[in-house]
Amino acid sequence: MNVEIVFSLNRKIWLSLIVAMNSITSNAANPEAIRFNVLVPPGEEQFFEEKIGASLPTLAAQWRVKSYLPPAFLREYLDNRFKEKTEDRRNSRYIQYSRFFFRDAFEDLERIIYLDTDLIVLGDIAELYAYTKALDKHRYFGSIPHFYPCIFYFSNLFKMRKEIPKFNKTFNAGVWFTDLSFWNEETYERLNYYLDLDAESDYKLYTLGDEPVFNLMFKDYLQADKNWNRCGYGTHPAVTNLLLASGEKFLSEAKLIHWSGPFKPWSSPKIRFADLWRTYLPAPLAADYKSYA
């Protein structure tokens with residue numbers, strides 16, 4: 001049985017995908033059982049196939065690349081909300097929000113892990129995948145809780161006054177797992193409901209992309225160990241140095257380090273653990289990786 005991992009991204013951040021894939025297989029007990037499912041905008045399949053093949057020619061895991069364009073109603077919502085001026089930026093938004101439609105993009109998948117690419121995996125990914133065995137039709141989504149008060153997701157707390165008390169612990173939407181076989185009409189009714197709420201507020205209700213929507217849709221999610229998403233390391237170095245864990249004990253416990261935030265290890269080499277990220281650059285790319293930033 002494969003450990004199914006899904007990424008969705010555009011070509012601008014291809015290098016981070018290579019590093020994430022390399023870190024996963026390097027630390028997996030059985031990399032041959034892993035399959036990477038890479039979702040990209042239309043027209044970028046060949047680009048990713050060439051980059052993955054050239055950068056990781058001896059990769060033990062299986063992988064495939066597929067293009068996808070989300071439904072018209074979602075594209076209309078994103079166009080109205082973000083008003084991106086270029087096709088490249090529009091496609092970037094489309095593929096980000098395609099995370100809600102993995103069931104349609106990969107019809108043969110059921111239990112999956114979704115990962116952002118601004119991270120490295122230090123543990124055996126099969127341990128995280130094991131959580132998917134506990135999913136069922138009543139609770140078919142899981143993630144890793146983090147400390148981020150839900151009130152910061154919304155610009156209008158009065159409008160969300162009935163939703164806020166229902167939250168337990170929020171999660172970062174860069175690492176989650178689900179069983180796609182349980183996504184159904186009711187799932188997408190919830191999605192449409194929360195997108196419509198934003199539209200009623202002139203598309204200014206949510207503050208952090210699609211993370212508020214994921215948290216609204218899946219308040220009763222299955223919680224995994226916190227070490228499977230040690231996130232926030234992409235915030236300002238002053239913040240990470242003051243508030244976030246480090247040191248040998250942390251590194252011995254952390255199973256995944258996530259540079260969520262505006263600072264990334266490929267473009268900000270002095271941020272916390274950027275040196276560790278660089279150790280997973282394949283040799284052909286390590287010498288001049290800055291040219292890809």
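**Close-up views of the sheet, its helices and one loop**

**View 1. A right-handed β-α-β unit.** Strand E2, helix H2 (residues 45-55) and strand E3 build a β-α-β unit that is right-handed, meaning that, with the strands pointing away from the viewer, the path from the first strand over the helix to the second runs clockwise. Helices (H or I, at least four residues) and strands (E, at least two) are DSSP runs numbered from the N terminus. This is a predicted model, in which local features need pLDDT of at least 70, side-chain atom pairs count only at pLDDT 80 or more, and totals for chains, interfaces and linings use all residues. Residues are numbered from 1 along each chain as its sequence is written, and side-chain values use heavy atoms, with hydrogens and water left out. Within the unit, E2 (residues 34-40) and E3 (residues 62-67) run parallel and are joined by six bridges; two strands pair if DSSP finds at least two bridges between them. To find your way in, look for Val38, whose bridge partner in E3 is Val65.

View 2. Seven strands line up in the order E3-E2-E1-E4-E7-E6-E8, forming an open sheet with mixed pairing. E3 and strand E8 (222-223) each have a single partner strand and stand at the edges, so one side of each has no neighbour in the sheet.

**View 3. Helix H1 against H2.** Two packed helices are described by the angle between their axes and the distance between the axes. For H1 (residues 14-26) and H2, the axes come within 11 Å and cross at roughly 45°; axes are lines fitted to C-alpha atoms, for helices over the stretch in contact, and angles run from 0 to 180 degrees between N-to-C directions. H1 and H2 are therefore oblique to each other, given that angles under 35 degrees count as roughly parallel, over 145 as roughly antiparallel, 65 to 115 as roughly perpendicular and the rest as oblique. Their crossing is right-handed: a crossing is left-handed if the near helix is turned anticlockwise from the far one by less than a right angle, and right-handed if clockwise. H1 brings Trp14, Leu17, Ile18 and Met21 to the contact, and H2 brings Phe47, Phe48, Lys51, Ile52 and Ser55 (contact means heavy atoms within 4.5 Å). These residues divide into seven nonpolar, one polar and one charged; Ala, Val, Leu, Ile, Met, Phe, Trp, Tyr, Cys and Pro count as nonpolar, Asp, Glu, Lys and Arg as charged, and the others, Gly among them, as polar.

**View 4. Helix H3 beside H7.** The axes of H3 (residues 72-82) and H7 cross at roughly 25° and come within 11 Å, which makes H3 roughly parallel to H7. The crossing is left-handed. Phe73, Leu74, Tyr77 and Arg81 of H3 meet Asn192, Leu195 and Asp198 of H7, a set of four nonpolar, one polar and two charged residues.

**View 5. Helix H3 against H4.** H3 also packs on H4 (residues 87-97), at an angle of about 125° and with the axes 10 Å apart, so H3 is oblique to H4. This crossing is right-handed. From H3, Leu74, Arg75, Tyr77, Leu78, Asp79, Arg81 and Phe82 take part, and from H4, Arg90, Arg93, Tyr94 and Tyr97. The contact holds six nonpolar, no polar and five charged residues.

View 6. Most residues other than glycine have a negative phi, and most peptide bonds are trans. Asp202, in the loop between H7 (185-200) and H8 (211-217), has a positive phi of about 60° although it is not a glycine. Tyr203 has its place in the loop between H7 and H8, and its phi is positive too, near 60°.
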